[in-house]
Amino acid sequence: MRKKTLLAGLALLAGLGLATTGCAGSNGAGAAGDGSGGDDVITVGFAQTGSESGWRSANTESMKEAFSAENGYDLIFNAADNDTAAQIAAVRDFINQGVDAIVIAPIVEDGWDDVLQEAADAGIPVILEDRTVSASDDLYASWVGLDFKKEGVMAGEWAAETFGDTPTKMVVLEGTTGSAPANDRAAGFDEAVEGTAIEKIDSQTGDFTRDGGKTVMEGFLQKYGVDGIDLVYAHNDDMALGAIEAIEAAGAEPGVDIQIVSIDAVKDGMQALVDGKINFIVECNPLLGELTSGLVRDVLAGKDVEKKVYVEDQSFTQEQAAEVIDSRPY
Ligand code: AHR
């Protein structure tokens, strides 16, 4: 790891109101991609959530591609297996190693204040990707990701239009408890279906995993029966795919006997949509690597960056999915 010099980082940290003590956290002169023509390697610690879903695999791949050695990075990658304490420990480890910048996809929103303050005290800029935190935005340089609440609203608007005044029993497969996408997708959907005849009869976490979605759906089917459930709202495609397995094992037809709306638009989810087993999918674009590495370069070069960078999502009906599935990059 190269020795740091406090150049461009000072401007950034002053702008953020962060402490500038400590020895790490710059990369001003000669950093790769900063426009100065230098070729120093930038060391970045990336604390990923884990490998819970197809979305996560695509996101990890995108990050590893963007933060490659060819692009001038030394990436220290950590996947925390959805364990918040392990993820925070990984960030502390990055701080102790004196990396140039830290990127975090935070598993949950709460509990980040102390370690973000420690990074600030060490003069190491933090960029969040994908998920958000509840800590003050003074403690990180920028966030890039998707509007999870809007995704929930888009899923809910489809449900409201599809079921309208028809009495509809809905079960929800929630993402990881305390995570930004689980919180915001629930809030957005609930807002969009308010005043309709859709009744949420149950809601449990499947932790964004296929196995979790399957197990929770099996429980719902045992409790309410196939005839007692009209609609599944899954916070991601993997849980929807697990639910499909559970519905088929119960002798029913997913997408027909029980309709399914989910979020992500990863390959397997889109295939299930084309096959008529899912009814509607809202996209959540995992290809955040280039934008994140651009932010890291800009922050280290002392440039002003947006505090929040939103990536636009689309949505797909079964017909639309059939048209685009072959050209989807993930
Ligand atoms: O934070 C994004 C979410 O995390 C994706 O929707 C889900 O599949 C992943 O695990």
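Let's start with where helix α7 meets helix α8. R210, G213, K214, M217, E218 and L221 of α7 touch D238, M239, L241, G242, A243, E245, A246 and I247 of α8. Contact here means heavy atoms within 4.5 Å. By class, that contact holds 7 nonpolar, 2 polar and 5 charged residues. Nonpolar covers Ala, Val, Leu, Ile, Met, Phe, Trp, Tyr, Cys and Pro; charged covers Asp, Glu, Lys and Arg; the others, Gly among them, are polar.

A word on the source. This is a predicted model, where local features need pLDDT of at least 70, side-chain atom pairs count only at pLDDT 80 or more, and totals for chains, interfaces and linings use all residues. Residues are numbered from 1 along each chain as its sequence is written, and side-chain values use heavy atoms, with hydrogens and water left out.

Now the geometry. α7 spans residues 210-224 and α8 spans residues 237-249; their axes come within 7 Å and cross at roughly 45 degrees. So α7 is oblique to α8. Oblique is what remains after angles under 35 degrees (roughly parallel), over 145 (roughly antiparallel) and 65 to 115 (roughly perpendicular). Helices are DSSP runs of H or I, at least four residues, numbered from the N terminus.

Stay on α7. D211 sits in that helix. Buried or exposed? D211 counts as exposed, because its relative accessibility is 61%. The cut-offs: buried is under 20%, exposed is over 50%, partly exposed is in between, with a 1.4 Å probe and protein chains only. D211 and E245 lie 34 residues apart in sequence, and 9.7 Å apart in space, C-alpha to C-alpha.

Terms used. Axes fitted to C-alpha atoms, helices over the stretch in contact; angles between N-to-C directions. Helix = DSSP H or I, 4+ residues; strand = E, 2+ residues; numbered from the N terminus.
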